[in-house]
Amino acid sequence: FVSLQVGDDGKSPGVDHLVDLIHRRINEASGPYQMFETLGDTAVFERDASTGAWQARFFEEVPLEHWDERYREHPRLTWVFKYNHNFYGPKVLSGSRVGSTS
């Protein structure tokens, strides 16, 4: 996992780094792409009891069902790939689809 400390101003350097990390993962991650709606990346936010500063721990390719149960009480940000609810069956591979080679 990647640990990110958020500054007193609420954003630098941690938030910018977190945004860059999520952006990179959306563009390059294979696990969430291949196992859509099952694997995802997530950031869990926690406040340091002694300093009051927020910290984010970023985890890649976690099984979402178990993750949500484990971190239900923590603020978190999760991204996954999800297909449209009509994206299934024979019509998905039909010749009328963009990119088909019929």
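How many aromatic pairs does the structure hold? I looked this up first, and the structure holds three aromatic pairs. I count rings of Phe, Tyr and Trp (its six-membered ring) as a pair if their centres lie within 6.5 Å; planes under 30 degrees apart are stacked, over 60 edge-to-face and the rest tilted.

**Ground rules.** I am reading a predicted model, where local features need pLDDT of at least 70, side-chain atom pairs count only at pLDDT 80 or more, and totals for chains, interfaces and linings use all residues. Residues are numbered from 1 along each chain as its sequence is written, and side-chain values use heavy atoms, with hydrogens and water left out.

**Aromatic rings.** I began with Trp67 and Tyr71. Their ring centres lie 4.5 Å apart and their planes stand at 35 degrees, so I noted the pair as tilted. Next I checked Trp79 and Phe81. Here the centres are 5.1 Å apart and the planes at 90 degrees, so this pair is edge-to-face. I also found one aromatic cluster, formed by Phe59, Trp67 and Tyr71.

I used three classes: buried is under 20% relative accessible area, exposed is over 50%, and partly exposed is in between (1.4 Å probe, protein chains only). Trp67 is buried at 8% relative accessibility. Tyr71 is buried too, at 6%. Trp79 counts as buried at 10%, whereas Phe81 is partly exposed at 24%.

**Elements.** I then listed helices (H or I, at least four residues) and strands (E, at least two), which are DSSP runs numbered from the N terminus. The protein has three helices and four strands. Their order from the N terminus is β-α-α-β-β-α-β.

**Strand pairing.** Two strands pair if DSSP finds at least two bridges between them. Strand E2 (residues 39-47) pairs with strand E3 (residues 54-63) in the antiparallel sense, over eight bridges. In this pairing I found Gly40 opposite Val62 of E3. The hairpin of E2 and E3 has six residues between the strands, and Gly52 takes a positive phi near 80 degrees there. E2 also pairs with strand E4 (residues 76-79), antiparallel over four bridges. In E4, Trp79 is the bridge partner of Asp41.

**Whole protein.** Of the 102 residues, 26% are buried. I took contact to mean heavy atoms within 4.5 Å. Among contacts between residues at least 6 apart in sequence, 56% join residues at least 24 apart.
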